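Take a look at the model below.

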Amino acid sequence: MLLCLTANHRNASLDILERLSVGAPSATRALVRDEIFVSGAVVLATCNRFEAYLDIDEPLTGGEAVAVESVVDALAGASGIPVDHLRSSVAVHQGPDAAAHLFAVTSGLESMVVGEDEISGQVRRALDAARADGLTSGELERLFQRATHTSRGVRNRTQLRGAHRSLVRLALELASSRIPDWAAARVVVVGTGRYAARTVDALRARGAGDIHVFSPSGRAEAFAAKHALEAVSDFRAAAAEADVVITCTADAVVHAEAFTAGHRVLVIDLGLPRNVDPDVGGVAGVELLDLETIRLHAPLAEFSAHADARAIVGDAATEFHADRLAGPAITALRTDVLAKVEAEIARARARGAGDETEAALRHLAGVLLHRPSVRIRELAVEGRIDEARAALELLHGLSVEVDAATILAALDEDPWSATA
């Protein structure tokens with residue numbers, strides 16, 4: 001069964017998210033390697049959410065509750081968070097709800113900035129990282145691939161398409177009340193990764209041209225050359241002349257002593273874990289805009305576009321769950337038909353038939369299987385999968401076995417109540 005544990009900007013503090021992003025990935029790796037009931041795990045950690053998607057192989061009734069408690073204990077231990085505190089900060093989704101939640105997340109519907117651009121790429125990279133660590137399962141692969149497909153549908157079929165929403169752009173919108181003319185502002189970007197590149201693009205879109213880059217790990221020169229910027233090697237000297245400092249790196253934390261008291265500068269911290277010590281906001285002349293402040297100003301969704309997107313996500317989740325329920329019935333039918341085809345091919349070969357006859361028989365089998373397979377999926381979507389199983393048994397003598405995890409998922413029971 002699929003299980004999702006999520007802590008996000010709606011139900012958890014920035015401190016909880018920060019601790020989870022640092023400590024929990026190692027815990028999920030250990031769960032897959034050491035716990036017999038965890039078949040796979042994918043961790044998604046962004047600046048406003050931490051999510052663990054797990055493929056649970058637990059056939060016992062009530063086993064999902066045991067699995068949840070084991071996962072929470074492991075995450076709490078690795079992150080240094082009291083178990084009770086973490087439990088109150090984590091929402092749990094299972095079965096169809098886990099799929100629906102991921103599809104909504106990947107489509108940007110659960111973000112601080114609804115419809116944001118970055119999240120779908122972050123989801124893909126989370127799956128890539130799990131693959132590299134050998135942590136995925138067949139079920140998680142199908143889930144995440146369907147999530148990517150669903151997010152494309154939302155972008156192409158709703159008014160969220162082309163809106164170019166992002167956390168960086170929201171931060172710059174909020175900063176514009178302090179920066180009257182971006183073309184005249186001197187900006188220092190701390191970081192050289194993908195997020196830093198997006199930040200530079202967003203700054204230029206607002207007219208900023210005097211942009212400098214600092215890298216705690218020494219990659220500023222290469223990044224500056226690639227993006228036509230000026231690299232700086234002394235952050236304190238650069239900050240003393242800057243109007244805006246934007247941090248988006250995983251390499252360092254900027255402390256109060258790096259800023260000159262009395263020099264007016266706006267510091268925007270986009271990092272998680274945080275890149276800027278909160279004490280920086282207490283330095284005379286320094287104004288700190290961090291994720292906690294940014295998320296308080298996140299705009300409301302455009303209601304019609306949001307409703308349309310939710311409908312697409314709901315349909316996709318229903319179809320994904322229906323495919324899972326329909327799978328055993330379709331497999332049983334295909335196995336039965338293809339076995340008969342193989343036997344007929346063998347008889348035809350014995351009578352001297354060639355490759356053309358074999359190809360024709362295989363094509364005929366595909367044609368005959370197509371419509372029943374489609375109909376089985378349709379019945380699953382309509383909640384009538386039992387009728388399909390009964391028909392297979394009545395017409396073909398096939399007994400369709402469904403594993404316990406699928407039955408539990410179909411029950412759609414939450415192991416313990418939580419709010420998203």
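Helix axes here are lines fitted to C-alpha atoms over the stretch in contact, and angles run from 0 to 180 degrees between N-to-C directions. Helices (H or I, at least four residues) and strands (E, at least two) are DSSP runs, numbered from the N terminus. This is a predicted model, in which local features need pLDDT of at least 70, side-chain atom pairs count only at pLDDT 80 or more, and totals for chains, interfaces and linings use all residues. Residues are numbered from 1 along each chain as its sequence is written, and side-chain values use heavy atoms, with hydrogens and water left out.

**A helix pair.** Helix α7 (residues 167-175) packs against helix α8 (residues 194-205) at an angle of about 45 degrees. Their axes lie 9 Å apart. The two helices are therefore oblique to each other; angles under 35 degrees count as roughly parallel, over 145 as roughly antiparallel, 65 to 115 as roughly perpendicular and the rest as oblique. The crossing of α7 past α8 is right-handed, meaning that the near helix is turned clockwise from the far one by less than a right angle. Contact means heavy atoms within 4.5 Å. On α7 it is made by Leu167, Val168, Arg169 and Leu172. On α8 the partners are Tyr195, Arg198, Thr199, Ala202 and Leu203.

**Helix α9.** Which residues of helix α9 (residues 220-227) are buried? They are Ala220, Phe223, Ala224 and His227; buried means under 20% relative accessible area, exposed over 50% and partly exposed in between, with a 1.4 Å probe and protein chains only. These residues cover an arc of only 100 degrees around the axis, so they sit on the same side of α9. The arc is that of the directions from the helix axis to the C-beta atoms. An α-helix has 3.6 residues a turn, so residues three or four places apart point the same way. The face turned away from the buried side carries the exposed Glu221, Ala222, Ala225 and Lys226. Cover for the buried residues includes α8, β6 (210-214) and β7 (230-231). After α9 comes alanine 228, with a positive phi near 60 degrees.

| Residue | Relative accessibility |
|---|---|
| Glycine 108 | 0%, buried |
| Threonine 28 | 1%, buried |

Glycine 108 lies in the loop between α4 (96-106) and α5 (119-132). Its C-alpha atom is 7.9 Å from that of serine 151, 43 residues apart along the chain. Threonine 28 belongs to helix α1 (residues 14-34). Not counting residues up to four places away in sequence, threonine 28 touches Ala41, Val43, Ala52 and Leu75.
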